[in-house]
Structures are given as structure tokens and as C-alpha cells.
Amino acid sequence: MRLDITKHTLTQTVILFFILLFAFLTKENMIPQNGTFSWEGYTSLMLGLDGIVRSVSWLPPLLSLLLLLVNAFMITRMTLVYLVFIDKNYLPPIIFLILCSATSSLTESYMIQIIIYLMLAATDTILHLYRHHDIVKQAFLASVYIGIASLLFAPMSVILVALVIYLMSYRALSFKALIASAVGLALPCFICCYIFWVTGSEFTAFIHEYERIFFDIFLRRSLNIFTLTIEQYVFIAIIVFMTIYGFLRMAMSANSANITTVRSYVGFVWILIGLCVILVLAYNTNPTTLPLLSVPLSIIISQMLKQTPNMFIKDIIALALLITSFLI
């Protein structure tokens, strides 16, 4: 493989992806991640789904790995369709894998990967707007995906606000589209309430549960930075540096970039902002929120590495990210 990681072909990237996946899985088997998974923010629907999945012992790890591969493929496809700056960029799935492995168990995170898949589907639908120009349909479908994700993990409803603000910033949001977004977000909840009612529960039972979860996680804080290890501090510092530098690189290149590339990049920035709001205001949901951050960060960091002119510097930064992810 070439020394410059940003010049790898698709075949080389696939080989590297599976090598890293095997390495992370080996590390996970040798050094299991400490602590138990936190269900903060999840609804009874996800708990019920988890009970069904875990009734078959081999299904959770298989489902986690399959969804990881599907999501990595979706990120790659979205990058090649919407974020081609000069030439094709195959880095996002590698960065996505590294960040996922550093923030969650790759074999026990199917519930997180489900949320990531729905978030990617919603984002892809919104970005399709600049090709099909049917804002009402795209806003409705994206809201449905986010609505389904919110039925499983309550804080995800914040992402709809981020996408709406993104559309407003480009004057691509009409009153009809705003109504369609509201209907799309409410439709999955209405269907869920109807199912609860048919099965004998109160029609508004799930709404009351959702309100309790939503307000509970956004009103209770549990941040303690002194529980972090030195390796985690270093990893966070590298991520923050790469993200800020990525913003600057993209800002300097915006005038020469395709308009679709710039708008798509800004869309992921708004998703990152929305997830950061969730992380700050509902920190007790960090076991799920942190892996979700891997989606926008994989785009932002890969674009930064792609546009860094010095090959030695970009390889050193990428190697530091990879080593610290193994140490966490």
C-alpha cells in the first residue's frame, strides 16, 4: 500500500478496513471493555427489541458487525456522491471504524448501530434534496427516519432541529416542508401509540413514557472529567484538533469546491453540533452519543486529512489516532 493513506484505492481501503476490524475485535476479546452498557435515553421499544435479539446468543454480535459494515458502506457511498472535493476519498469508513471501536464494543453495539443507520438514512435523504429538488418529500422521509430513531433513543429528536436549521441556512425550507417534517416526526409515534392501544394499553402510554425519558435525561447531569484516563484525554485532544483543523481547511477550500460538496459538508457539521448539544445537556447518554459522533467526525476528519498537503504530517496524525484508539 502507498505510504500516503489518503491515496489508497477502494480495494486497498477495504483490505485495510478488515485488517483493522480484525485487530480491534482481537483486542476486544483480549481486553473486554469495562463497565456495563447504559440504557439512559432508550425507550421500552428498544428494551423489548433487545430482549428478542438476546434470546439468541450469537445474534447480537452478528447483528452488530453486519450493521457496522452497512453503516461503513453508507458513509463511503455518501462521501463519493456528495463530498468529492478533488478526487475520491475512501478514508471515512476507516475513521468511522476507529472512532466506533474507541467509544463502544463492536460486538455489543447493535442498538447503537441501528440509531446510526437511521441517522445516516435521514442525512442521505436530506442531501438528496440538491438532486431531486422535492423538498416536501425529502423533509417528510428524513423526519420519518428520525422519528423512528427517536422512538428507540429519545434524544435523537434533536437531530431533526439540526437538519431543519441546515435547510433554513440555505433557504431550502418552505412552510409546507416544515409541516411535512412535523408530520414525519409524529407519524411513527402515532403508529406506536396505536399499536399500544390495540394491545390493551392506554393510547398515550408511550407518549408519557417518552416525555419522562426525554425530560429526565436533559435535566440530570453526571459529568465527571476526573474519571477519564490519560489515554482518553489524548484521544479527545487529537479529535478536537483534527475537527478544528478540518473546519479551517474546508473554509479555505470552500471557494474552489463544488457547491454540493460544501453544502453536504455543512450538513454534517450541523449534525455534529446537534450531537454535541445532546452530549452536553444529556451527558448521562454518552455511551450512545459518543459512538454517534463517529458519523460526522469521520467525514470532517477524512476531509481534513485529504486536504492536508504534507504527507508526513497527515500520516503521523492518523497513526496517533489509531494508536490511542487501541490504548483506550
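Asn-71 is buried (under 20% relative accessible area, with a 1.4 Å probe and protein chains only), its own value being 0%. The model is a predicted one, where local features need pLDDT of at least 70, side-chain atom pairs count only at pLDDT 80 or more, and totals for chains, interfaces and linings use all residues. Residues are numbered from 1 along each chain as its sequence is written, and side-chain values use heavy atoms, with hydrogens and water left out.

Asn-71 sits in helix 3 (residues 59-82); helices here are DSSP runs of H or I with at least four residues, numbered from the N terminus. Leaving aside residues up to four places away in sequence, Asn-71 touches Phe-96, Gln-113, Ile-116, Tyr-117 and Leu-120, a contact being heavy atoms within 4.5 Å.

Now for helix 2. Its buried residues are Met-46, Asp-50 and Val-53. Looking down the axis of helix 2, these fall within an arc of 65°, so they line one face of the helix. The arc is taken from the directions from the helix axis to the C-beta atoms. An α-helix has 3.6 residues a turn, so residues three or four places apart point the same way. The cover over the buried residues of helix 2 includes helix 3, helix 5 and helix 7 (135-152).

Helix 2 (residues 44-53) packs against helix 5 (residues 110-127) at an angle of about 125°, with the axes 11 Å apart. On the helix 2 side the contact is made by Met-46, Leu-49, Asp-50 and Val-53, and on the helix 5 side by Tyr-110, Met-111, Ile-114 and Ile-115.

Note on methods
Axes are lines fitted to C-alpha atoms, for helices over the stretch in contact, and angles run from 0 to 180 degrees between N-to-C directions. Helices (H or I, at least four residues) and strands (E, at least two) are DSSP runs, numbered from the N terminus. Buried means under 20% relative accessible area, exposed over 50%, partly exposed in between (1.4 Å probe, protein chains only).
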